[in-house]
Each structure stands twice: as structure tokens, then as C-alpha cells.
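Let's walk through this one together, starting with a pair of helices and moving on to the charged side chains. Have the model open and follow along.

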Amino acid sequence: MTSHYLGTTHSVDNQPVALENYNLFRADRALQEAVVREGAAWAQQDLVDFGRLAGLPATIALGFDANHYKPELRTHDRYGHRIDQINFHPAYHELMRIAIENGLHSSPWQSPGAGAHVARAAKYYLHTQVEAAHGCPITMTFAAIPALQHQPDLLAAYGPKIIANTYDPRNVPDGQKQGLTIGMAMTEKQGGSDVRSNSTRAYPVGQRGPGQAYELVGHKWFVSAPMCDAFLVLAQTEGGLSCFFLPRWRPDGTKNELQIQQLKQKMGNVANASSETELRGALAWMVGEEGRGVRTIIEMVAMTRYDCMIGSSSGMRQAAAQAIHHAQNRAAFGSRLSEQPLMQNVLADLAIENEAAMTLTMRVARSMDQQDNEHERLLSRIATPVGKYWICKRTPNHAYEAMEVIGGTGTMDTHITARLFRESPINAIWEGSGNVQCLDILRALQKEPEVLAAYFTEVERAQGADKRLDASIQKLKQQFAAGGDAETLQYRARSMADQMALTLQAALLVQHAPTAVADAFCAGRLGGQEGLNYGTLPRGVDTKTIIERAAPNE
Ligand SMILES: Cc1cc2nc3c(=O)[nH]c(=O)nc-3n(C[C@H](O)[C@H](O)[C@H](O)COP(=O)(O)OP(=O)(O)OC[C@H]3O[C@@H](n4cnc5c(N)ncnc54)[C@H](O)[C@@H]3O)c2cc1C
């Protein structure tokens, strides 16, 4: 006989099933169209396979485990030797293995050509929806190659192992490995954006100059992924700030004097270890010309900034997909959330923001594939700081709104939206924070004024298709014509960057997206009726079509 005290208290009703067992590529129409449009149609089958992998429950679980079990630093072994070892949960290593075996760290360098960057960007966009933090060492390894091209002997020695599809997490000398990961150490306590204030000094071991050995003494205040096999580092020499390649182990098999003091206690990006380090005579080789360290490492930074665009667009995609999935499978006050007008406004707004971000990102990917075309080179120069600034800055509020769509469960660490939210400010702050991107836009305009013509050529391709867009282009032109002194320009730089980003996104959507999406974007971002929050699209927007397009249904 069953006691009524042990009877069932409730059944779980009106809760969606977890969004898993779906193909992240096939469920993303906007991404599929972008891949074809920007020149990587040849990669579709690979992306279908990869999208399936990214949607498996076991893959999704890796993201949760890698963040729940934080990386731990062990500075010394039991006998007192320095080891500077970071221990990760196996889930982190598995995410790294998947990323590297699929070429997210190198495919455009391994097989350059039409669509190479586009295909990689699409894969990165899929993979970082599962887990974003491990993207840091993947991106830095990818971005190191353009900087190393300034030092061909080092590139020849290390390049093949950097681009290899082999993940080897062991803390052993690089000579014993088939695959290497690369980090970047610029930021010091007294200055992050202002790297020229770096105090770390480099002393020549013998000869001075490019490719020569130096010993570095100083500190680095932020060194992410300190278990990388080598780092690109800035340090002062007699000739000024220079760039160095600093391996974790010396060629003689002894540990290099890169000592990890502690790991940062981060509010997000938890699966990625970020550390404070000291350099106590660490051996390194100069990369590129002495005194031109910023010019050399900026090649790496330009790539990492671009990856921030992919990463934040990816976070938005996962947030929008989760929000729509939830609203389609939960009812309140008598009908599904996704059928209620106010929620439709919120969901459609989240969806168009994501599509605009992804569309701009993939357009820049094509520019990266076509750097020998002058228009594409100039466009990527200006569109990267514009996109990095705008997309990364739009992401935190987007993540928060998606979390609110889920409701209370969305704030729990058992739901991915909580992680998306905590991850969301990071891309905006590192690799040049918002103001620094805006100042970079001004620098680009000043050093190479042709970038502005390239920008307007690009947006004017959409001229005549939407009155609100036409007006936005004219307004921008007037603002640029008004000019101003340096102080005025700096003061207004964010307003200009906002307008440049919105106009470029609108121009791309008007040309390439379905009418419902392009019209909603122009109405909600350029129409003059827009509100300050998501969910304030004006009347007349076809929210149903937008939501249906963005819904993560195959
Ligand atoms: C999770 C994480 C990991 C990181 N990993 C690494 C790493 O691996 N390697 C590395 O080198 N660094 C790393 N960083 C450091 C990061 O790049 C810096 O935090 C960033 O560059 C900003 O530098 P800062 O913190 O010193 O701030 P500051 O440079 O002091 O800037 C503070 C604020 O002032 C603004 N500002 C700066 N100059 C101006 C100006 N002229 N006009 C107007 N506003 C201005 C900035 O935009 C920013 O908002 C990491 C940071 C984080 C959060």
C-alpha cells in the first residue's frame, strides 16, 4: 500500500526540453546564406558535420564542465621545483582538441584561398556557441602567424607546429610536441591600452636586433592561457618597445623564467586561465625590427579584434536561439510566449541584432580573404574597429535580454544564458576597449583617408533601397564633412562609430537579408522611432517571419 505522504507532489509541466540534439549550422538560415554569399559554399558539408557535433548533448556538456571546474595553478611540485602548471578539467582539453583538429586556430594559413577565412569564421561561430572561453588560446594561436611573418626564421622554425592540427597540452619543451599554442603578453599594471608605458626590459644575450636572443625582466599583469607553448611579448630595449617570441621552455630543455604568480578571479571567461606573471630573465627572440614592437604585434591584435567580432556575434546567436526556443515551448497567461505580441517584439529584436552582427562579421571575413584587392583591404581596416567596438558593446544587453526571456531559470548556472551573460563584457574590454577602438577608427581615417571612401563605396551599394538608410548615409557624410579639431573628433568618436556601424549593418541587410529582417533593422535602428531597450521595434514589423527564420529548428 502506498502512503499518501510519499505521493507525487507535482509533475514538471510547461518547461521546454533542453535545446540540444540539433544541428547548429542547419538550424541557422542566416549563417548558411552568409557562407555561400561570402565565398565559402565549398565548406558547407564540413559545416553541416561540425554543426551536428556542436549540437550533441555530450559536446554541450563540455562547455558546462569546463566552466564549473575552474583551472587551477600549481606553482611548485611536491619537492619545491617551480612547475607553473595549470590543471584543467578534461572537458576543457576536449574543447581545445575539437577546435584545433578542426583548424579553428589555423585553417586560412594552412589552406589560403577563396572563402578560407569565411569558412573558419563560420566554424568558430558554431563552436564558440558551445563554449567561448577556450576561444582565447585558439584565437591567439591563429593571430600569432601574421606577427611572426615579420621574422621569417622564427616562422620557419615554429610556424609548421603552430598551424598543425595537433593538440598537445603537456607542459614539456616544444621540441617534444607536434602542435603548439601561442599566447600574448602586453598588458602591465601601469598600462594596458597604453602599451608604450611597458616597463619590462629586454637585455641582449649577444648580438642585438631582429631574430637575436634577449633575456626579459619585468612583469605582465594579464597573461591569458599561460600554458601556451610560447608568447608574443612586448619589452623595452635601447631602441624602444620591441616584440619578442618567448617560449615556455628553453631550447636546452630547462624551464624558461616565466613565473606565474596567480590566476585572475574572473567574473566570466572562467574556463580560460588568465594569469599574473613575472619574467625573471626569460629567454626570448626579437620579432621584427627593434623599436617597432607595436607595429609588429598589432598584426596579431588586428586578428584577435576580428575574432572578438565572431565571438560576440556567436554569443548573440546562442542567446537568440535559446530565447526563441524557450518562448516557443512555454506558455503564460493562456498562450505560448512566442505568440504574445510584446514577446514577439523582444524576440524579433534579439534576432535582427544577431543577424546584423553576423552579417557584418562574415562580410569582413571575405575582406580578409581578398587582401590583395585594395577596396577589401581598406574596408577591413575600417570595418574591424567599427565592428569590434559595436558588436562587442551590443552583446551584454543582448545576453541579458535573452536571459530575461528564459526568466528565473535563465539566471542559473545550469542554463547557458547565465554563462553567455558573464562572458559578454569580456570581448568588449580586451584587445582594445571601446574607446580604444573609436580612437583606432580616427587613426585609420587620419593615416589612410582612403578608408573612408572605401566605407562609403560599400554602404552606397545599398543606396536607393531604403529611405532611412539613405538618410543615414547622408547624415554620416555631413558629419565627416564638418570635420573638427582633434579634441572635437575624439569627443564625438563614439557617436560616429555607432552611426558607422549601424549604417554598414543596415546596408548589408538591405542587400542580402529577407525584407522582413532588413525592414525591421532600418525601422528599429535608423527610423528615429527606436527605443533604448530591446523589444521596442515600431509597429508594422513582421516579427513572425523574423522569429521563424531565427528559430533553431532544422
Ligand atoms: C579576461 C581578460 C584576459 C586578458 N588577457 C590578456 C592577455 O592574455 N594578454 C594581454 O596582454 N592582456 C590581456 N588582458 C588585458 C586587456 O587587454 C586590458 O585589460 C585592456 O587592454 C585594457 O587595459 P587596462 O585594463 O590597463 O585598462 P586601461 O588601459 O587603463 O583603460 C581603462 C579605460 O580607459 C579607456 N581608455 C584608455 N585610453 C583612453 C583614451 N586615450 N581616451 C579615452 N579612453 C581611454 C579604455 O577604453 C578603458 O575603458 C586581458 C583582459 C581580460 C579582461
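In this predicted model, helix H18 (residues 493–512) packs with helix H19 (residues 515–526) at an angle of about 160 degrees, their axes lying 9 Å apart. Because angles over 145 degrees count as roughly antiparallel, H18 is roughly antiparallel to H19. The crossing of H18 and H19 is left-handed. On the H18 side, the contact is made by Gln499, Leu502, Gln505, Ala506, Leu509 and Val510; H19 brings Val517, Ala518, Phe521, Cys522, Arg525 and Leu526.

Which residue forms a salt bridge with Arg525? The partner is Asp349, with the closest N and O atoms 2.8 Å apart. This pair links distant parts of the chain, since Asp349 sits in helix H10 (residues 341–369), 176 residues apart from Arg525 in H19. Asp349 is buried at 1% relative accessibility, and Arg525 is buried too, at 10%.

Arg549 in helix H20 (residues 543–550) and Glu33 in helix H1 (residues 29–37) are 516 residues apart, yet their side chains meet in a salt bridge at 2.9 Å, N to O. Here Arg549 is buried, with a relative accessible area of 8%, whereas Glu33 is partly exposed at 32%.

Next, look at Glu278 and Arg280, whose closest N and O atoms are 2.7 Å apart in their salt bridge. Glu278 is partly exposed at 24%, as is Arg280 at 47%. Finally, find Arg305, Arg381, Asp440 and Arg443, which are linked in a network of salt bridges.

Definitions and conventions
Residues are numbered from 1 along each chain as its sequence is written. This is a predicted model: local features need pLDDT of at least 70, side-chain atom pairs count only at pLDDT 80 or more; totals for chains, interfaces and linings use all residues. Side-chain values use heavy atoms; hydrogens and water are left out. Axes are lines fitted to C-alpha atoms, for helices over the stretch in contact, and angles run from 0 to 180 degrees between N-to-C directions. Helices (H or I, at least four residues) and strands (E, at least two) are DSSP runs, numbered from the N terminus. Angles under 35 degrees count as roughly parallel, over 145 as roughly antiparallel, 65 to 115 as roughly perpendicular and the rest as oblique. A crossing is left-handed if the near helix is turned anticlockwise from the far one by less than a right angle, and right-handed if clockwise. Contact means heavy atoms within 4.5 Å. A salt bridge is a side-chain nitrogen of Lys or Arg within 4 Å of a carboxyl oxygen of Asp or Glu. Buried means under 20% relative accessible area, exposed over 50%, partly exposed in between (1.4 Å probe, protein chains only).
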